[in-house]
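Thanks, everyone. I have one model to go through today, and I will keep it short.

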Amino acid sequence: MAIAPDRIRRRLTRVFTTMFPGKTVEDVPAATMENTDGWDSLGTLSLFTLADEEFGIKLGLDRIGDVKSFEKLEALVTEKVG
Amino acid sequence: MAEIHLSAKTIPALADILTLGTRIVAGAWPLPETDKLRSLRVHVMGTATTDMLARAIAVGCAQENVRPTISQSLYGSFMQDVLNPASELYTIRPDIAVIVSEWRSLVSDLPPSASEEDVAKVVDGKVSQILSVWKRISQDCGSKIIHHFPPPPPFRLTGIAETYLPASYTNQLRQLVQKLWSAETSGVQIIDFGEFALEHGLLKAFTPGGWYSAKLPIETGALPAYIPLFRSALRGALNTVKKALVLDLDNTIWGGVIGDDGVDGIKIGSGDAISEAYQAFQQYVKLLANRGIILAVCSKNNPDVAKTGFDKPGSILKVEDFAAFEASWEDKANGLRKIAKQINIGLDSLVFVDDNPAECALVRQELPEVATVLLDGEPADFITQVEQGYWFQFQKYSREDFGRTAAYTMRAAAIAEQDSASDLPSYLRGLEMIGTAEKPTEAQIERVVQLGQKTNQFNLLTQRFDTQAVHGFLDNADNIVLACTLKDKFGDHGLVSVLLAERKGSELDILEWTMSCRVFSRSFEQFIMNALFDLAKKKGVEQIVGRFKPTAKNAVVSDLYERLGFTSDGEGCWVCQVADNHTPLQTFITAG
């Protein structure tokens with residue numbers, strides 16, 4: 001069941017701003033661990049859990065170390081729901 | 001923000017935990033400030049990573065009107081922190097110490113041939129280690145402890161042979177928790193993740209992957225369901241437990257509307273699935289009552305018609321099971337206020353159960369301190385819907401728990417009598433009360449401690465003495481401990497008041513005095529004070545001194561000493577001379 005890329009972007013942005021309300025929707029696509037306050041590895045774990053719930057997928061915890069930006073997260077989610 | 005209604009959610013959303021919980025752990029307070037908030041230091045530690053759990057704990061605290069300052073031991077340094085007096089733990093001195101033990105830290109690799117005795121020795125070693133950790137934390141930090149024990153490992157090897165093999169991990173864990181539970185653990189709240197796993201799925205709530213990748217003691221996805229369990233332990237630690245279950249009638253404890261369908265039309269009993277499900281729910285409620293949960297009815301009904309529902313064969317509950325019966329057309333918030341007053345407990349001790357979303361919404365709005373459970377869907381699921389709040393979780397039963405419902409029903413009968421009596425003295429005389437005020441026997445000590453721990457209203461200093469303290473106190477023959485019992489024509493209330501006084505030279509200093517709220521205002525306090533004066537005279541005491549320390553709940557005794565003829569010394573102490581010609585206070589209780 002494929003979801004259109006722009007819908008993935010929109011829904012994942014909502015997940016991201018729930019977790020990091022300091023980011024505006026416009027800033028989210030360029031967000032990285034470095035430019036986002038409070039984003040540590042537990043933040044990634046939280047993002048995984050919220051994305052799992054949002055998309056009905058299971059993001060493997062082995063990928064936590066790889067995901068250091070919104071872009072990477074989006075790629076991973078797209079791979080799973082794609 | 002949806003967070004406004006956080007307190008009304010039995011199971012919060014995962015997003016609440018990951019966002020609000022994260023901010024609270026970081027030291028922010030993203031929720032409204034209210035004067036009901038109580039600030040507490042909460043330290044989380046264990047043999048697992050606690051960061052995610054701490055977020056859930058933060059949300060659970062907020063739901064219980066606690067604003068926590070959360071600190072955590074580093075992963076792996078839990079024992080070092082406990083054993084090292086210079087560690088942060090002893091600087092923080094948390095009000096609540098939360099411990100999480102993972103199964104790998106609690107079991108030993110024993111040969112399958114090990115005998116029961118061999119295994120018991122190993123388990124006993126672990127037990128004494130944990131008891132000493134508890135003792136250290138509670139004595140040196142003054143903390144209340146909430147300790148999480150793990151589910152068994154997620155493999156069965158050879159099945160039932162393994163389960164009952166003495167050396168198996170499962171058996172070691174079972175024995176360990178049972179032995180710890182049986183030990184004197186006053187003040188320690190045990191959370192058993194083994195039970196939680198049965199309810200929520202071992203493989204879903206405790207995945208091996210979560211452990212290997214992040215040393216998580218529980219899956220993040222299971223944290224919402226865990227929060228009510230944590231809250232029950234927190235209430236236990238803070239003595240804010242739920243005491244009463246208030247039930248709607250129509251479509252809650254029977255199917256249909258009694259006013260429309262009549263007794264014959266309502267569904268309860270056997271014969272069809274719906275009637276059986278309602279009967280099972282009534283049976284569940286009855287079992288709770290047998291364990292000391294007080295029952296009450298709050299229903300929009302004509303009271304005479306409403307009561308006929310309990311006459312239907314198949315109805316397990318009877319009108320006499322309820323300590324308060326509010327059936328009227330008034331709104332339910334008012335009904336609940338009346339019930340709380342009649343039973344004489346706080347609104348925050350009530351759990352209200354109703355099938356009507358509008359009634360539940362009104363109560364949540366008007367009385368957020370009442371725990372509200374909306375029954376939704378099939379009656380077959382009602383028990384689960386109540387259970388998932390973990391509203392009534394005791395660490396242990398005492399004999400008094402089993403008789404409490406009857407005692408409150410008796411109190412309700414006595415109040416009804418009071419309404420009909422023309423004046424208070426003749427009412428009190430008519431109760432034919434018999435009291436005792438004597439040194440407690442060994443068998444009574446548990447109840448003496450429990451009364452001090454649980455009583456919030458008639459509790460002058462709220463010292464919460466534990467068993468050890470009471471024993472220590474009794475060891476000195478100059479001190480006085482009075483365990484006071486009361487019975488009346490409606491029944492035996494049992495041990496309902498405790499007074500502890502310390503001899504200091506020619507003075508007798510009342511260090512604590514508690515009384516169960518069900519026997520207030522019956523001249524029992526005068527009876528006990530007379531007994532204390534008699535003893536004081538015999539011991540050659542010249543004056544008795546008492547103090548009062550206000551809390552949110554004990555205003556009822558703020559003027560107690562004044563009423564008993566004590567005079568204020570202007571510095572917070574109340575004093576009364578023990579003269580030979582001291583006139584006993586008026587009481588309507590005969591010494592038994």
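This is a predicted model: local features need pLDDT of at least 70, side-chain atom pairs count only at pLDDT 80 or more; totals for chains, interfaces and linings use all residues.

Residues are numbered from 1 along each chain as its sequence is written, chains are lettered from A and ligands numbered from 1 in the order in which they are written, and side-chain values use heavy atoms, with hydrogens and water left out.

Cavities, then. On a 1 Å grid over the protein atoms alone, a cavity is a set of points where a 1.4 Å probe fits but cannot get out, and lining residues have an atom within 4 Å of a point. Grid points are joined across faces, edges and corners, and a volume is the space filled by probe spheres set on the points. The count is five cavities of 30 Å³ or more.

The largest cavity holds about 190 Å³. Its lining has 22 residues, and those nearest the centre are Glu102(B), Trp103(B), Arg104(B), Phe206(B) and Pro217(B). Two elements of chain B give two or more residues to that lining, helix H9 (202-205) and helix H10 (208-214); helices (H or I, at least four residues) and strands (E, at least two) are DSSP runs, numbered from the N terminus. H10(B) gives the most, with three residues. By class, the lining has 16 nonpolar, three polar and three charged residues. Here Ala, Val, Leu, Ile, Met, Phe, Trp, Tyr, Cys and Pro count as nonpolar, Asp, Glu, Lys and Arg as charged, and the others, Gly among them, as polar.

The second largest cavity holds about 80 Å³. Val448(B), Arg464(B), Leu500(B) and Glu512(B) are among its lining residues. H20(B) gives the most to this lining, with three residues.

Now the strand. Is E7(B), residues 294-300, mostly covered or mostly uncovered? Six of its seven residues are buried, meaning under 20% relative accessible area with a 1.4 Å probe, protein chains only. E7(B) pairs in the parallel sense with strand E6 (residues 244-247) of chain B over four bridges; two strands pair if DSSP finds at least two bridges between them. Ala296(B) is the bridge partner of Val246(B). E7(B) also runs parallel to strand E8 (residues 324-328) of chain B, joined by five bridges, and Ser299(B) stands opposite Ala327(B) there.

Technical notes. On a 1 Å grid over the protein atoms alone, a cavity is a set of points where a 1.4 Å probe fits but cannot get out, and a pocket is an open set with protein on both sides within 12 Å along at least five of seven lines; lining residues have an atom within 4 Å of a point. Buried means under 20% relative accessible area, exposed over 50%, partly exposed in between (1.4 Å probe, protein chains only).
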